[in-house]
Amino acid sequence: MTLKKKEYNTISKCRISNSRNINNILNLGEQPLANSFKKKKEDIEKKFPLGISYCHDTSLIQLNETVAKEILFKEYLWITGTSFSTKNYIESFVKNVIKNTKVNNNDFILEIASNDGTLLKTFIKKGYKNVLGVDPAKNLAIKANDDGVKTLPEFWNFSLASEIIKKYNNAKLLIARNVVPHVSDLLDVIKGMELILKKDGIGIIEFHNASKIQEELHYDSIYHEHLCYFSIKSISILLNKFNLYPFHIEESPISGGSLVIYFSKKKKTKTKHLEQAIIYEEKNKINTYSSWLKFAEKVYQHRLDTKNMLKNLNSKRIIGFGSSARSQTFLNFCGIDFNTIRAIIDNNPFKQNLYSPGSSIPVVNFAEGMAISPDIIMILAWNFRKEIIDLCLKNKFAGKFLIPFPNDLKLIEAK
């Protein structure tokens, strides 16, 4: 399908510094949007270029193309409350935030990209009533409001921050989990964060760790929604640009390896955790151009290895598990379609009875997938592999699991 130019644009400058000192690293070809599921296998779909570049001034890894946010996020299919492990993590996340920030019950807590309200609902259960969510996906905002979490169906920006201050107040605690890497108007978004934070307020950003992406070959996390792939160095440069200062960091299991960075308007002494994390990046040359070029070489080898393994398994009945956004990049880059994988199990009802973008693989519920009697289950949502394996074993699956990431593919026995 022919694309209208306004539907996307190609960057010529770094998204943080506006520097033109950027170079291409990896080209994953033209791909459909990761959440553009189809009602029919034969539906015509739009495809957009997908590749990343490196900025020599900020070390930021960033997508070369920016698809219009109205196309990407007006409706959204990822629901936080779908995964048990995600919900369990949120419980520990909230517990850590309360301990680290000492936020009071009456303090105003704001979450950007609050999804279905799962996180804020956890705060509410702990007695924090003064909470507000912001999420541009109207379907999720409606769900959150219906569940008792006040949510504005809006894109976060400086202008919205001004309106919220007038109506609610400045925020003592600001949380943005796995959203900052998604935003096209990056500087305006951080400017809005700086505006809404109280002088003694604390902001928290969670993001997929660039060092994990590089070291464990998470190229499946590269898709059109993720415009930036931050390291501690690059996100610190971004925050410092608005006089916001990181002072603490924690690890997160989300996306196969994320970081949670705490920042404030007032400079605080960096914690030991943050200091050690900075040293790790420097020691392992995470932010160097040469390291990212080696990453690209490994990506192309991984595709070749994947094709060879599936060719050797062509007599086996294979299904997938987890039609996640990241799996679409992997499937389409490697040329895997419904001729290789008969169906993909996904627990998200919004995706069931649809077809995966590009590969046109039917998405089914658990019972339908297991009724195919698969010999092999390819765990596409590999960051939830323990949860998925436990469920399959509980339901007497006795075949093998094919796990494509991290790093090399692994074929393991069900046990």
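Helices, as the term is used here, are DSSP runs of H or I with at least four residues, numbered from the N terminus. The exercises below concern a predicted model.

**Exercise 1. Determine how helix α11 is placed and what follows α11.**

Solution. 
1. Helix α11 spans residues 325–333 and is mostly covered, since eight of its nine residues are buried.
2. The buried residues are A325, R326, S327, Q328, T329, F330, L331 and F333.
3. The cover over these residues includes the strands β2, β3, β10 (197–208), β15 (344–345) and β17 (376–379), together with helix α10.
4. After α11 comes G335, with a positive phi near 70°.

**Exercise 2. State the strand order of the open sheet that contains β2, and identify which strands stand at its edges.**

Solution. 
1. The sheet has four strands in the order β2-β3-β4-β11, and their pairing is antiparallel.
2. The edge positions belong to β2 (22–31) and β11 (228–229); each has a single partner strand, so one side of each lacks a neighbour in the sheet.
3. For β2, pairing with β3 (residues 48–55) is antiparallel and runs over seven bridges.
4. Within this pair, I22 lies opposite C55 of β3.
5. Helix α10 (residues 289–312) packs on the sheet and touches β2, β3 and β4 (61–63), with its direction at about 20° to that of β2.

**Exercise 3. Locate K129, classify K129 as buried or exposed, and list its contacts beyond its sequence neighbours.**

Solution. 
1. K129 lies in the loop between α3 (118–125) and β7 (131–134).
2. The cut-off for an exposed residue is over 50% relative accessible area.
3. The relative accessible area of K129 is 62%, so K129 is exposed.
4. With neighbours within four places in sequence set aside, K129 is in contact with N105 and I124.
5. I109 is 20 residues from K129 along the chain, and the C-alpha atoms of these two residues are separated by 8.8 Å.

Key:
Residues numbered from 1 in each chain as written. Predicted model: local features only at pLDDT ≥ 70, side-chain atom pairs only at ≥ 80, totals over all residues. Heavy atoms only, no water. Pairing = 2+ DSSP bridges. Helix = DSSP H or I, 4+ residues; strand = E, 2+ residues; numbered from the N terminus. Contact = heavy atoms within 4.5 Å. Axes fitted to C-alpha atoms, helices over the stretch in contact; angles between N-to-C directions. Buried < 20%, exposed > 50% of the residue type's maximum accessible area, 1.4 Å probe, protein only.
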